[in-house]
Amino acid sequence: MTLENIKKLLEELDALKCGTAKEVEEARVRYLGKRGEITALFEEFRTVDKDAKREFGRILNELKQKAIAKIEALRDTLEACPDDAQPKADLTLPGDELELGSRHPVSMVREQIVDIFRKFGYDVAEGPEIEDDHHVFEALNFPANHPARDMQDTFFVSAGHLNPLLLRTHTSSVQVRAMETMPLPIRVVCPGRVFRNEAISARAHCIFHQIEGLYIDENVTFADLKQAILLFAREMFGPQTEIRMRPSYFPFTEPSAEVDVSCNICHGKGCNICKGTGWLEIMGCGMVDPNVLEASGIDSSKYSGFAFGMGLERIAMLKWQVNDLRHYFENDLRFLREFNTSLEV
Ligand code: DAH
């Protein structure tokens, strides 16, 4: 026996690897079995010179302990992943195919609108779907018991309370939150889901999506509003698009208007999409009422602003000429797959 011999065995043990329980057992027999290499060294130890015994004894014991520990460690790792009975996975095989879905048309419209306003320098804000009366009505100049509240049939979550909780009926609530929290000037769009207690039909649903826009700064005028909407409409519906504004009423804007875009199907000649008028209604808008600015702590003698709000399903219906709103909620794959081609991964 030489020290060289023993060192070589120590190194061998360090490098030892086994893939199966059978290999571990074979290694144990090879080193520690009755006729194993380490057992044989212990036999040989008897013949070692007296004065060398001490050193050989120490290193032989170290070798044996190491072999026992290594075999145990190998057994433990194999027990932790007991797959040696199974054939090893063939990593060269192609993986399972992932079925890619497509973006929902309403999401596509939302992303397109948000991208357009991002280019104009608007931020994006979101707010809670379960809101309080203050943010949905009170701060937007709908006093309690005012008939304007009838414009939006509301699902209440808790009633009989000074500031009841409800499902927001419009994303205008997020403009209130933006005015309360964001530093001036504010330029923000707020996409989100809204809820109204409506009978479901081809033209109405109890859940739908809106996007709200708000711009507040010094000296913002109706001309700025008109220009922003015109630029948006041309980005969204094409460079030939014209807009027109019709006077309207919303409690939170004064003056208020509804915006129509020229019908990009018949180019003003009149078709069944625009019902022969050449125009399609896309949003409500107006100059933020000074009461609304003041309710959120903004000085209305210094600041003015405009707001607008539109329904995403409505824009999607116009864009793809879908004549029944319910298609957007039924998740019928035959309908959703029609939009596959527009998926950008
Ligand atoms: N919140 C209104 C609605 O749901 C839409 C709207 C109209 C929003 C005019 C506005 C606005 O910001 O100025 O019917």
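Reader: How many Å separate the centres of domain 1 and domain 2?

Author: Domain bounds come from an automatic or database domain assignment. Here, domain 1 covers residues 3–85 and domain 2 covers 105–336. Their centres, taken over C-alpha atoms, are separated by 77 Å. The model is predicted: local features need pLDDT of at least 70, side-chain atom pairs count only at pLDDT 80 or more, and totals for chains, interfaces and linings use all residues. Numbering starts from 1 along each chain as its sequence is written, and side-chain values use heavy atoms, with hydrogens and water left out.

Reader: In what order do the seven strands of the open sheet stand?

Author: Strands (E, at least two residues) and helices (H or I, at least four) are DSSP runs numbered from the N terminus, and two strands pair if DSSP finds at least two bridges between them. In this open sheet the order is β1-β4-β5-β9-β8-β7-β6, and the pairing is mixed. Because β1 (123–124) and β6 (243–250) stand at the edges with a single partner strand each, one side of each has no neighbour in the sheet.

Reader: How many bridges join β7 to β8?

Author: Strands β7 (residues 253–262) and β8 (residues 279–288) run antiparallel and are joined by eight bridges. For E258, the bridge partner in β8 is G284.

Reader: Which strands does helix α8 touch?

Author: Contact means heavy atoms within 4.5 Å. Helix α8 (residues 222–237) packs on the sheet and touches β6, β7, β8 and β9. Axes are lines fitted to C-alpha atoms, for helices over the stretch in contact, and angles between N-to-C directions run from 0 to 180 degrees. The direction of α8 makes about 125 degrees with that of β6. Helix α7 (residues 172–181) lies across β4 (186–195), β5 (207–217) and β9 (304–311), at about 35 degrees to β5.
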